[in-house]
Amino acid sequence: MREFKGRVIAEGTVSAEAVVSHGGLNTLASFQKALQFGDKKATCGDQNNPDLYGKQMAGKALCLPMTIGSTTGGLVLYCACAMKRQPACMLFSKPIDSLAAAGSILADVWLDDVCMPVIDSLGDEFLDYVRDGMTVTVKENGVVCVE
Amino acid sequence: MILTNEQNEILNGSKGEVLAKVMKTMVKYGEAFGAEKLVPVTSDYNHLVTSFGLKMMTPVFELMQQLIDAGAVSTQKFSVDPRPLDKNVPANFLQNFIFNNFMYATQESYEKQLSALGLKDDKAFTCTCYMDEVGNTPKKGDVLSWAESSAVVYANSVLGARCNRNSGIIDIMGSVVGYVPYFGLLTDEGRKATWVVEIKTTKKPEAQLLGSAIGMKVMEAVPYIKGLDKWLGNELDDGVRTYLKDFGAATASNGAVGLYHIDGLTPEAVELGDSLVCDDAQVYVIDDAELERVYKNYPVIWKNINASPKLCFMGCPHMSLQQLKDWTDKVEASLKEAGNSKVVIPTVFTAAPDVLEKFNATEYAARLKATGVITSYICPLMYMNNPLCGKMPVITSSNKLRTYTTARYYTDDEILAQITKGGNK
């Protein structure tokens, strides 16, 4: 078990199973098919992401370096949250990018019944350590426990 | 973050609950990046990325309606990305049925929302809003609240405006409240280069390939590119601006570049030169072999990699007027050489409605039509982003389209050969 400390972008506590992307998450490519065609598991549809393609993202602790791709990324993440198909939490090894920040903040400010804790700056060691299937717990003040 | 009295009052609800939430969104967005203040948006027009009435985006339409109902509409008129539908573009019965009745069933109602929010005019649907024909061309130093990665990188790099890589919704909210947080590419420090790219090719590099190589290497960093002025010259004329449009779109989509400087060419590089480069900048050398390596490594995600192309898309981002004219000449000449009268693969050239209007007034329009090439204002990316079109073997010389869809990339010369001769002859 290891603890990591990051910065809180969206508050909340949660415990969930990890899914890990070592490359950037293309938000549009990953979520579009799931949101368009009613897939409640939000199965990742990005064929260019070998770590996540075909895996469930909804309800999981999504561990990643950053998001990449189209500037629709933030609103796609907002839609995933509004449709209750969002990850349980998003945990970034790097400082958050502008698209992921937008999606997280829009959901936090504009959706009353959605809680998706978002922590950034967890460091490269976090992504080196965490593996698919591990249990990740987001605690107060940006503390993330992986076991 | 330190707010002015006016900003604080808005945040506390002086102009209503909805505008307070808009301000709260912009403040939190800025805080995530350590912004210490909000600065006024100064451009004449805004540009939004969200042009499509895709059913999955219902939560966005509901949010937009909250803004409209509260009178929290844009303080600027805006252009927006291209429409996702155009009856000129080939589609079979099933595709048309699904596009119109399922995927884009909310297109009409969403366009009404855009009008209510401040859409510039009915023709303002393009990703190349900065072109002279369209008229949303920011001035050097203007502060923008734009989204659309290819437009943002062009505005920052070629025009010298200042804009972060904003997400959709953030784009409209910055304009509604009239302020954006001061961080990243808005600041002098954030516009400094942390990479130096040295171009050592033996010929003018393909814009889309060069942009892709740089984007994948530097990701979100600012590159300072040396040696490209040898091939492009030192003047931002029409041809160079077109090259940089395609180059920049590839840097932004294959990586996450929001600003590049080109030594001796782009405005800030001409003005400030090497002082734009950070002391500890990394170096990336690009020669012919490196471009070849990048090209060879693109995954082909067609089910059958030997399939015959069913469609060719050119114009992601939308083509310029000169590009349409040049390609008319090239297609005609190549068809003549091959002994063909029309293109052998259904081919669509896309451009802004205002650019197409100008093109259609020239003698080139009839000539291009005679070759069988179709012109359209559609967004190729939105056309491709569904399971029906995603399975089609589509070819393109757009590295952005390649990145976001199943379209297969070829260089301009290879595309020309494919559509006029049926192969890389």
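This is a predicted model: local features need pLDDT of at least 70, side-chain atom pairs count only at pLDDT 80 or more; totals for chains, interfaces and linings use all residues.
**View 1. The four-stranded open sheet of chain B.** Let us step back to see the neighbours of that pair. The sheet in chain B is open and has four strands, running in the order S7-S6-S5-S8 with parallel pairing. Its edges are taken by strand S7 (261-262) and strand S8 (277-286) of chain B; each has a single partner strand, so one side of each is left without a neighbour in the sheet. As a reminder, strands of a sheet pair through backbone hydrogen bonds, either parallel or antiparallel.

**View 2. The interface of chain B and chain A.** Now for the place where the two chains meet. Chain B brings 43 residues to the contact and chain A brings 35 residues. About 3400 Å² is buried between the two chains, and carbon and sulfur atoms account for 68% of that area. There are 11 residue pairs in polar contact across the interface, counting pairs with both residues at pLDDT 80 or more. On the chain B side, the elements giving two or more residues are helix H2 (17-31), helix H3 (58-69), helix H4 (93-103), helix H7 (170-177) and helix H18 (399-404) of chain B. H2(B) gives the most, with eight residues.

**View 3. The salt bridge between Lys28(B) and Asp108(A).** One salt bridge is found across the interface of chain B and chain A. Lys28(B) and Asp108(A) form this salt bridge, and their closest N and O atoms lie 2.7 Å apart. The side chains of Asp108(A) and Lys28(B) also count as a polar contact, at 2.7 Å.

**View 4. Asp108(A) in its own chain.** To finish, here is the chain A partner by itself. Asp108(A) belongs to helix H3 (residues 98-110) of chain A. With a relative accessibility of 33%, Asp108(A) is classed as partly exposed. Apart from neighbours within four places in sequence, Asp108(A) is in contact with Ala10(A) and Lys28(B). For a sense of distance, Ser70(A) is 38 residues away from Asp108(A) in sequence, and their C-alpha atoms are 21 Å apart in space.

Technical notes
Residues are numbered from 1 along each chain as its sequence is written. Chains are lettered from A and ligands numbered from 1 in the order in which they are written. Side-chain values use heavy atoms; hydrogens and water are left out. Contact means heavy atoms within 4.5 Å. Buried area is the accessible area (1.4 Å probe) that two parts lose on being put together, summed over both. A salt bridge is a side-chain nitrogen of Lys or Arg within 4 Å of a carboxyl oxygen of Asp or Glu. A polar contact is a pair of N or O atoms within 3.5 Å; within protein, one must be able to donate a hydrogen and the other to accept it, and residues adjacent in sequence count only if both atoms are side-chain atoms. Two strands pair if DSSP finds at least two bridges between them. Buried means under 20% relative accessible area, exposed over 50%, partly exposed in between (1.4 Å probe, protein chains only).
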